[in-house]
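Here is a short report for a reader meeting this structure for the first time. Look at the sequence and the model, then read on.

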Amino acid sequence: MLACSKNYLLHDKYLSLSFSSESCLLSLVDCAKSCIYMKFPNFSFSLFVSSVLSFLFGSREEVPMAERKRVVVVGGGVGGSLVAKNLESHADVTLIDPKEYYEVPYAQMRCIVEPSMAERSVLKHSEYLKTAHIVQSAAESVSGSEVVTESGERVPFDFLVITTGTTYSGPSTKAERVKLYEADKEKIVAADHVLVIGGGPVGVELVGEIVVDFPDKKVTLVHSGKRLLEFLGTKVSDKTLKWLQSKKNVEVILNDRIALEGLTGPEYVTKNGTHIKADAHFVCIGKRVGSSWLQSSDLSQLIDEEGRLKVDANMRLEGQSNIFAVGDIANTKV
Ligand SMILES: Cc1cc2nc3c(=O)[nH]c(=O)nc-3n(C[C@H](O)[C@H](O)[C@H](O)COP(=O)(O)OP(=O)(O)OC[C@H]3O[C@@H](n4cnc5c(N)ncnc54)[C@H](O)[C@@H]3O)c2cc1C
């Protein structure tokens, strides 16, 4: 939170300069980066809204239309929405995203057990963007100073901001997204035993939500690693495991995995031979970084071995003067 407000001040200072100063774009991108990398271990919708969205709607001077640069933002997730919202009063912004909405990721697991929450946490791009153009399609490549989309549009830019954090394969409309949450909840309601595959933050969060709202359901969590939440310290892993094991209906299986091909149930067998009979399962494993769409462009040489884009200290792609990457797609180290 502190990092965000500090950057906000810095960012406001830059905004009092003309947008023709490139530093303005740099500060925005920097600010978005800080927001993205802030951790929200206990999601609070109101906290998120007050910190990030109030930041988005802060007052600032507008740049006259004729002087506006064309900024294309690819990806309408945390980073892309923030950048597009911040720049739309200062630049001619186009947001490219395959879905019509932004969704608060930290609310996703809560939405599975409480779908009505998605009415607030899933926000159509057209609801928070006032002047930016929205192209609802996946970007397919970057050709010269244009982004080419799957729908065949060619969107020219002066500045490009790439924020395609992870590949997206979910519903493209808000209504379908809400329906999917309702179907997920029904799956849990109808089940006596739920299997969750993956003991990273998403899997652990989902088990927590089920345990709290449905304490009578049996839940089995299977994780291939030797401890839960491996990206955090061992203290957190131990505390999480202890909490889950203190619940009467939760079983945690570590150092084991379930093959994802042809997953149907109700009989599941782990690699180590444990049989699990469950009525429903949820796969909560990490998604791939969303850089494959750049493979056929000149920018492909800037993709590192993890699929992330190589950026400099200003989030600018190495060797590029007008192309930036923000969020999970950028190979910054936190
Ligand atoms: C359930 C869940 C809980 C989380 N909890 C936390 C937490 O507590 N703390 C924390 O710090 N992080 C958390 N994260 C991680 C956090 O959400 C990510 O770090 C963050 O979303 C990254 O933002 P981003 O803008 O880089 O990418 P994303 O938010 O993943 O957005 C990527 C966007 O790119 C779009 N896209 C993909 N491919 C294309 C394409 N070819 N063309 C156009 N658009 C494309 C997608 O539609 C999407 O809108 C959580 C993630 C999840 C899923």
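## Terms and model

Two strands pair if DSSP finds at least two bridges between them. Helices (H or I, at least four residues) and strands (E, at least two) are DSSP runs, numbered from the N terminus. This is a predicted model: local features need pLDDT of at least 70, side-chain atom pairs count only at pLDDT 80 or more, and totals for chains, interfaces and linings use all residues. Residues are numbered from 1 along each chain as its sequence is written.

## The chain as a whole

The chain contains 10 helices and 16 strands. Of its 334 residues, 38% are buried. A residue is buried if 20 or more other C-beta atoms lie within 10 Å of its own, exposed if 12 or fewer, and partly exposed in between; C-beta atoms are placed from the backbone.

Contacts can also be sorted by distance along the sequence. Two residues are in contact if their C-beta atoms, placed from the backbone, lie within 7 Å. Among contacts in the chain with a separation of 6 or more, 63% are between residues 24 or more positions apart.

## The parallel sheet

Strands of a sheet pair through backbone hydrogen bonds, either parallel or antiparallel.

Strand 11 (residues 218-222) pairs with strand 12 in the parallel sense, over 4 bridges. L221 has V252 in strand 12 as its bridge partner. V219 is bridged to V250, also in strand 12. From strand 11 the chain crosses through helix 10 (residues 234-245) to strand 12, and this β-α-β crossover is right-handed. That term applies if, with the strands pointing away from the viewer, the path from the first strand over the helix to the second runs clockwise.

An open sheet of 3 strands runs in the order 6-7-8, and its pairing is antiparallel. Strand 6 (139-143) and strand 8 (154-156) are the edge strands. Each has a single partner strand, so one side of each lacks a neighbour in the sheet. The twist averages 25° from one strand to the next.

Strand 6 and strand 7 (residues 146-149) run antiparallel and are joined by 4 bridges. S143 stands opposite E146 in strand 7.

## Around the ligand

Which residues come nearest to the ligand, of the 34 around it? They are G75, G77, G79, G165 and G327. A residue is near a molecule or strand if its C-beta atom, placed from the backbone, lies within 6 Å of it. Helix 4, strand 2, helix 5 (108-113) and helix 9 (201-213) each give two or more residues to this shell. Helix 4 gives the most, with 3 residues.

By class, the shell has 17 nonpolar, 13 polar and 4 charged residues. Ala, Val, Leu, Ile, Met, Phe, Trp, Tyr, Cys and Pro count as nonpolar, Asp, Glu, Lys and Arg as charged, and the others, Gly among them, as polar.

Helix 4 spans residues 78-87. Since 10 of its 10 residues are buried, helix 4 is largely enclosed by the rest of the structure. Among the buried residues are K85 and N86.

## Loop residues to look at

P98 lies in the loop between strand 2 (92-97) and strand 3 (101-103). P98 counts as buried because it has 20 C-beta neighbours inside 10 Å. Not counting residues up to four places away in sequence, P98 touches Q136, S137, A138, Y168 and S172. The C-alpha atoms of P98 and G170 are separated by 9.5 Å, although these residues are 72 apart along the chain.

Most residues other than glycine have a negative phi, and most peptide bonds are trans. L229, in the loop between strand 11 and helix 10, has a positive phi near 45°. M315, in the loop between strand 15 and strand 16 (323-325), has a positive phi of about 65°. L229 is buried, with 21 C-beta neighbours inside 10 Å. M315 is buried too, with 24 other C-beta atoms within 10 Å. A cis peptide bond, with omega about 5°, joins G265 and P266. P266 sits in the loop between strand 12 and strand 13 (267-269).

Key
Axes are lines fitted to C-alpha atoms, for helices over the stretch in contact, and angles run from 0 to 180 degrees between N-to-C directions.
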